[in-house]
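Here is a short briefing on pockets, charged pairs and a surface patch. Look at the structure first, then work through the points.

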Amino acid sequence: MEVRVKDRQSLLDMAVQTAGSMEAAFKLSNANDVSLTDTLTDGQVLDTVAADNADTVHRYKVQNLQPATALSEEEMAALAQEGINFMGIEIDFIVS
């Protein structure tokens, strides 16, 4: 069976939605020849894998839940300027 990716859905989102667990992301990755960290595109079609937790899959389907937790381009750009690699001694990083 195939499923179409919605905007900002990650492989982990798709694994939970279609197979009921985050662990299924490894199988989903292999089945679709994509990396766990690849950015999926809106409308991309993925082959599904066997459900690890049918109850979760059913609950998501009944409640029409489609998680989308991937960061947008703007959010990723904002994150790129933070962290220890971008700190200046005695400017952002105070040594006492």
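The lining of the second largest pocket divides into 5 nonpolar, 5 polar and 2 charged residues. Here Ala, Val, Leu, Ile, Met, Phe, Trp, Tyr, Cys and Pro count as nonpolar, Asp, Glu, Lys and Arg as charged, and the others, Gly among them, as polar. This is a predicted model: local features need pLDDT of at least 70, side-chain atom pairs count only at pLDDT 80 or more, and totals for chains, interfaces and linings use all residues. Residues are numbered from 1 along each chain as its sequence is written, and side-chain values use heavy atoms, with hydrogens and water left out.

**Second largest pocket**
- This pocket holds about 210 Å³ of space.
- A pocket is an open set of points on a 1 Å grid over the protein atoms alone, where a 1.4 Å probe fits, with protein on both sides within 12 Å along at least five of seven lines; lining residues have an atom within 4 Å of a point.
- The lining residues include Met 1, Glu 2, Tyr 60 and Lys 61.
- Helix α3 (54-62) gives the most to this lining, with 3 residues.
- Helices and strands are DSSP runs, numbered from the N terminus: helices are H or I with at least four residues, strands E with at least two.

**Largest pocket**
- About 400 Å³ of space lies in the largest pocket.
- It has 18 lining residues, and the closest to its centre are Arg 8, Thr 39, Leu 40, Ala 70 and Leu 71.
- The lining splits into 7 nonpolar, 6 polar and 5 charged residues.

**Salt bridges**
- The structure holds 2 salt bridges (a side-chain nitrogen of Lys or Arg within 4 Å of a carboxyl oxygen of Asp or Glu).
- One joins the side chains of Glu 75 and Arg 8, at 2.9 Å from N to O.
- Glu 75 lies in helix α4 and Arg 8 in the loop between β1 and α1, so the pair ties together parts 67 residues apart in sequence.
- Another joins Asp 52 and Lys 27, at 2.7 Å from N to O.
- Asp 52 sits in the loop between β2 and α3, Lys 27 in helix α2, 25 residues apart.

**Surface patch**
- Leu 71, Met 76 and Leu 79 make a nonpolar surface patch of about 270 Å².
- Patches are made of residues with over 30% relative accessible area and no salt bridge; like charges are joined within 9 Å, nonpolar side chains (Val, Leu, Ile, Met, Phe, Trp, Tyr) within 5 Å.
- Accessible areas come from the Shrake-Rupley method with a 1.4 Å probe, and for residues only the protein chains shown count as cover.

Key:
Points joined across faces, edges and corners; volume = space filled by probe spheres on them.
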